[in-house]
Amino acid sequence: MKIAVGSDHAGFQLKEKIKSYLIKKGYDVIDVGTDCSEVSVDYPLFAHKAALLVSKQEVRFGILCCGTGEGIMMAANKIKGIRCGVGYSPEVSKLTREHNDANMIAFGARFMNENDVFSSIDLFLETPFLGGRHQKRVDEIECFKDE
């Protein structure tokens with residue numbers, strides 16, 4: 001499975017740890033940047049790169065990191081077909097897949113410990129979308145993107 005990862009400078013160290021973690025688990029990882037934690041960069045650029053790979057189905061999922069996870073998540077969600085949530089706990093990360101069919105997840109490097117992030121990633125990647133009553137809501141989300 002191919003997974004895109006991206007971050008700004010604040011999320012760089014966490015992104016690098018996530019990348020290593022995913023590679024060790026056998027995933028094919030495409031890193032869209034940033035390549036440095038010492039230079040301030042704008043997170044929307046990296047969210048956009050990763051989200052385009054997901055929306056074009058060149059990768060199955062995307063994982064993003066910034067200081068809070070919020071800004072980079074908002075930027076990713078501007079791309080049609082992207083449903084990205086902040087995985088602020090393992091349980092929420094699982095539910096965002098089950099209920100929202102999320103195809104991207106974001107993490108806040110300044111507020112999360114890496115063990116919770118790794119648990120969240122495992123649950124996110126392994127949990128299927130439940131469909132059913134949730135499908136209608138996902139369809140409604142997608143309709144809003146045309147306005």
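Predicted model: local features only at pLDDT ≥ 70, side-chain atom pairs only at ≥ 80, totals over all residues.

Reader: Which way does α1 pass α5?

Author: The crossing of α1 past α5 is right-handed.

Reader: And what else do I need to describe a packed pair?

Author: Two packed helices are described by the angle between their axes and the distance between the axes. Here, helix α1 (residues 12–24) and α5 have axes 11 Å apart, at an angle of about 50°. That angle makes α1 oblique to α5.

Reader: Which residues of α1 and α5 meet?

Author: From α1 you have Leu14, Lys17, Ile18, Tyr21 and Leu22. Facing them in α5 are Glu114, Val117, Phe118, Ile121, Asp122 and Leu125. Sorted by class, this contact of α1 with α5 has eight nonpolar and three charged residues, and no polar ones.

Reader: Now α4 and α5: at what angle do their axes cross?

Author: Roughly 20°, and the axes of helix α4 (residues 90–100) and helix α5 (residues 114–126) come within 8 Å. Angles under 35 degrees count as roughly parallel, so α4 and α5 are roughly parallel to each other. Their crossing is right-handed. On the α4 side, Pro90, Ser93, Lys94, Thr96 and Arg97 make the contact; on the α5 side, Asp116, Ser119, Ser120, Leu123 and Phe124 do. This contact of α4 with α5 splits into three nonpolar, four polar and three charged residues.

Reader: Let's turn to cysteines. How many disulfides does the structure hold?

Author: The test is a pair of cysteine sulfur atoms within 2.5 Å. The structure holds zero disulfides. For Cys66, the nearest cysteine sulfur belongs to Cys65 and is 8.1 Å away. For Cys84, the nearest is that of Cys66, at 9.7 Å.

Reader: Is Cys66 buried or exposed?

Author: Cys66 counts as buried because its relative accessibility is 3%. Cys84 is buried as well, with a relative accessible area of 8%.

Reader: What does Ala109 touch?

Author: Leaving aside residues up to four places away in sequence, Ala109 touches Ala10, Gly11, Leu14, Cys66 and Gly67.

Notes
Residues numbered from 1 in each chain as written. Heavy atoms only, no water. Buried < 20%, exposed > 50% of the residue type's maximum accessible area, 1.4 Å probe, protein only. Axes fitted to C-alpha atoms, helices over the stretch in contact; angles between N-to-C directions. Helix = DSSP H or I, 4+ residues; strand = E, 2+ residues; numbered from the N terminus. Parallel < 35°, antiparallel > 145°, perpendicular 65-115°, else oblique. Left-handed = near helix turned anticlockwise from the far one by under 90°. Contact = heavy atoms within 4.5 Å. Nonpolar A, V, L, I, M, F, W, Y, C, P; charged D, E, K, R; others polar.
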